Amino acid sequence: MTIEKLTNECEKYTTKKELELITRAFDYAQKAHAGQLRKSGESYIQHPLHVAMTLAKMRLDGATISAALLHDVCEDTPITLQEIEKEFGKVIAFLVDSISKLSKVRVRKDITAEAPDQNEPDSFHSFPRQFETLQKMFVAMAQDIRVILVKLADRLHNMETLSYVAPEKQLRIARETLEIYAPMADRLGIGELKGQLEDLAFPYVHPDEYQKLKKIAKHDYPKRLRHIKNVQKAIESELKKNHIDGEVNGRVKHLYSLHNKMKRLDLDQIYDKVALRIIVDSVRDCYAVLGIIHKLWKPLTGRIKDYISMPKPNGYQSIHTTVFCLDGQPTEIQIRTRQMHEQAEFGIASHWHFKTLQTNPSFTKNPDEIAWVRQLAELQNKLTDPGELTEGLKLDFFQNRIFVFTPRGDVHDLPTKATPIDFAFAVHSDLGYHCYGAKVNGKMVTLSHPLQNGDIVEIIPNKKSSPKSDWLNFIKTSEARSNIRQALKAKEASDYNLTRKHK
Ligand code: MN
């Protein structure tokens, strides 16, 4: 990797002033790391350059790219944070500082020393153990999402060069990647990065399964790819006939996600081992293409998923359908617009490309589900405005949102000063209806106790307990409010019936 390659990439979207900043950050970092080597034997500057390149492909702003170039300077060289601040200003110094603070957050030694349980499915079951790290990451994200994006890019390059690291460290780092970083990328909707991180960690965490699957894939893929080529040709000519501009791509699925699916299904039942993707210009074309495909081949019932009208919570949009095509082979086809494609690949970061997100009609159809991604996007728009950039380091959105955790490590975002009742309803309406008491970070609190960012909340339910009208005085979410009102009304009605019966 070279600075020229990086600036060529940045040139596609940044201003001249930002390019100068990036070049200056590079020169500074290169001088600071002079003579240092990575474990791979490469000169150290290669690492920050790779990290910056990943972020440049996501079209991140000059401050983020510069912070990526400088991210290891304070930790590995005598240069202090004050010097960075003097040279590059408050925002970049803040980003660099937050990134290095996060690297100090490690899963505790005594925890990872434990041999991983081979029978235990990875990821969420070992969640609580990794919990502290995740908690800190969310708190950092609350301060500035860009910190997390640099962290994810940093982890990607560290995973790419993991083979040079001492074997006893490899497993810890790979597990951490599967349990913390990949889910984090997923939550931010950065599907491509999530897939890459998982595939890089897979051989270290499950070496046997990895070898097995690789063998199967090797045997299976060539014939699947031939099939896809033929389907692709058929679709392309059909699009032409209907005067629709579209790009048709075949793609091999990430190995690790295949591995996850195989826990539930036989390989033969997985239709998206090799998936076909059609990218068109508009939402209207998406549905038109779906019609064309279904006229051409019979769809498999129950496999049509419309994530355009019902986006996934992380903002993902596409239409998926599985059809019996050509020789009757079931094949998964995904249809999406260019913008949806960028969103699926780069998630939250893609909003730098599409600043018109708020006005995009397809995004307003189901506002609740993608609310937090959208609000983030709005903030990112603000952040790219240079006037706002210096104004505050905290994102407004997060100034009135907090992240709160269940004892198992699931995260919920709530408005500030939300109470245990709001939390209970956010977890499950039944838990809200029967909320009786609450513990915050292990201590009993009142039900009106205002929650703080990073709190671990445990709800104590009681079957006989039901919503009280005074809860309405302190709860903060509309979800809790409407649920409580409904419950109170129902109770009133049944009380009335009871009194009538007694008379
Ligand atoms: Mn690093």
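**Entry 1**

I started with strand E9 (residues 435–440) and found five bridges joining it to strand E11 (residues 457–461), the two running antiparallel. I took strands (E, at least two residues) and helices (H or I, at least four) as DSSP runs numbered from the N terminus, and I called two strands paired if DSSP finds at least two bridges between them. The model is predicted, so I kept local features to pLDDT of at least 70 and side-chain atom pairs to pLDDT 80 or more, while totals for chains, interfaces and linings use all residues. Residues are numbered from 1 along each chain as its sequence is written, and side-chain values use heavy atoms, with hydrogens and water left out.

I looked up the partners of Lys439: in E11 its bridge partner is Glu458, and in E10 it stands opposite Met444. E9 is joined to strand E10 (residues 443–445) by three bridges, again antiparallel. The E9 and E10 hairpin has two residues between the strands, and Asn441 takes a positive phi near 50 degrees there.

**Entry 2**

Strand E5 (residues 319–325) pairs with E6 in the antiparallel sense over seven bridges. Within this pairing, I noted His320 opposite Gln334 in E6. The hairpin of E5 and E6 has three residues between the strands, and Leu326 has a positive phi near 45 degrees.

I then checked burial, with buried meaning under 20% relative accessible area, exposed over 50% and partly exposed in between (1.4 Å probe, protein chains only). Seven of the nine residues of E6 (residues 329–337) are buried, so the strand is largely enclosed by the rest of the structure. Helix H16 (residues 338–346) has eight of its nine residues buried, so H16 is also largely enclosed by the rest of the structure. The buried residues of H16 include His341, Glu342 and Glu345.

**Entry 3: manganese site**

Which residues are the protein donors of the manganese ion? I found His47 (NE2), His71 (NE2), Asp72 (OD) and Asp154 (OD), at 2.2 to 2.5 Å from the ion. Donors here are N, O and S atoms within 2.8 Å of the metal (3.2 Å for Na, K and Ca); water is not among the atoms, so sites may look incomplete. The donor residues follow the spacing H-x23-H-D-x81-D in sequence. His71 and Asp72 are both buried.

**Entry 4: nonpolar cores**

I counted as a nonpolar core a set of buried Ala, Val, Leu, Ile, Met, Phe, Trp, Tyr and Cys residues joined through side-chain atoms within 4.5 Å. The largest has 73 residues, and Leu6, Leu55, Ile65, Leu70 and Leu152 have the most contacts inside it. Helix H10 (residues 145–160) supplies the largest share of this core, nine residues. Another core, of 22 residues, lies apart from it and has Ile228, Ile319, Cys325 and Met340 among its members.

**Entry 5: aromatic rings**

I paired rings of Phe, Tyr and Trp (its six-membered ring) if their centres lie within 6.5 Å; planes under 30 degrees apart count as stacked, over 60 as edge-to-face and the rest as tilted. By this rule I have five aromatic pairs. Phe202 and Tyr256 are edge-to-face, at 5.2 Å centre to centre with 70 degrees between the planes. This pair links distant parts of the chain, with Phe202 in helix H12 (residues 191–205) and Tyr256 in helix H14 (residues 255–262), 54 residues apart. Phe202 counts as buried at 0% relative accessibility, and Tyr256 at 2%.
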